[in-house]
Amino acid sequence: MSLITAIVTIDVEPDRIPEAAEAIVNIDGVTEVYSVTGDADLLAMIRVVDHDSLADIIPGQINKVAGVTSTNTQLAFRTYSRHDLEAAFSLGLD
């Protein structure tokens, strides 16, 4: 089974960032939440089995967290991970 990975940047009212991050990371399908530099306040990694789940998580839950003012979603086509490649080589896979 293949998972859909979405990377969501999230703008939050400055005084609500820690509470928003805690609320977002507790949403099913959200695997990590990072406090980041740059144009966004938070970055959330979401992994789900179908697009309907993304619709439930992003507009249905993340956008409703207190303090969240906007989101921007990117969908991953492929995943390249050093960890995954190292694990494959250690197993002797081609």
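These legends go through several close-up views of the predicted model shown above.

**View 1. The whole chain, element by element.** Local features here need pLDDT of at least 70 and side-chain atom pairs count only at pLDDT 80 or more, while totals for chains, interfaces and linings use all residues of this predicted model. Residues are numbered from 1 along each chain as its sequence is written, and side-chain values use heavy atoms, with hydrogens and water left out. The protein has three helices and four strands, and from the N terminus on they run β-α-β-β-α-β-α. Helices (H or I, at least four residues) and strands (E, at least two) are DSSP runs, numbered from the N terminus. Of the 94 residues, 28% are buried; that word means under 20% relative accessible area, with exposed over 50% and partly exposed in between (1.4 Å probe, protein chains only). The protein exposes about 6,500 Å², and carbon and sulfur atoms supply 52% of that area. Accessible areas come from the Shrake-Rupley method with a 1.4 Å probe, and for residues, only the protein chains shown count as cover. Take the contacts (heavy atoms within 4.5 Å) between residues at least 6 apart in sequence: 66% of them join residues at least 24 apart.

**View 2. Inside the largest nonpolar core.** Here we're looking at 22 residues. A nonpolar core is a set of buried Ala, Val, Leu, Ile, Met, Phe, Trp, Tyr and Cys residues joined through side-chain atoms within 4.5 Å. The residues with the most contacts inside this one are Ile 10, Ile 24, Val 30, Leu 42, Ile 46, Ile 57 and Ile 62. Two or more residues each come from β1 (4-12), α1 (17-25), β2 (30-35), β3 (42-48) and α2 (51-57), and β1 gives the largest share, five residues. Follow Ile 57 and, leaving aside neighbours within four places in sequence, you'll find it in contact with Ile 27, Asp 28, Gly 29, Val 30, Ile 46, Val 48 and Ile 62. In soluble globular proteins, nonpolar side chains tend to be buried together.

**View 3. β3 and its two partner strands.** Strand β3 is mostly covered, with five of its seven residues buried. It pairs with β1 in the antiparallel sense over seven bridges, and with β2, again antiparallel, over five bridges. Two strands count as paired if DSSP finds at least two bridges between them. The hairpin of β2 and β3 has six residues between the strands, and in it Gly 38 takes a positive phi near 105 degrees.

View 4. Seven bridges join β1 to β4, and the two run antiparallel; Asp 11, for one, stands opposite Ser 70 in β4. Thr 5 sits in strand β1 and counts as buried because its relative accessibility is 10%. Leaving aside neighbours within four places in sequence, Thr 5 is in contact with Met 45, Ile 46, Arg 47, Gln 74, Leu 75 and Ala 76. Ala 76 lies in the loop between β4 (68-75) and α3 (82-91) and, at 31% relative accessibility, counts as partly exposed. Apart from neighbours within four places in sequence, Ala 76 is in contact with Thr 5 and Ile 7. The C-alpha atoms of Ala 76 and Ile 4 are 7.3 Å apart, although 72 residues separate them along the chain.

**View 5. The salt bridges.** There are two of them, going by a side-chain nitrogen of Lys or Arg within 4 Å of a carboxyl oxygen of Asp or Glu. In one, the side chains of Glu 32 and Arg 47 meet at 3.4 Å, N to O. This pair links distant parts of the chain, with Glu 32 in strand β2 and Arg 47 in strand β3, 15 residues apart. Glu 32 is partly exposed at 26% relative accessible area, and so is Arg 47 at 31%. In the other, Arg 16 meets Glu 13, with a distance of 3.4 Å, N to O. Arg 16 is partly exposed at 36%, and Glu 13 counts as partly exposed at 35%.
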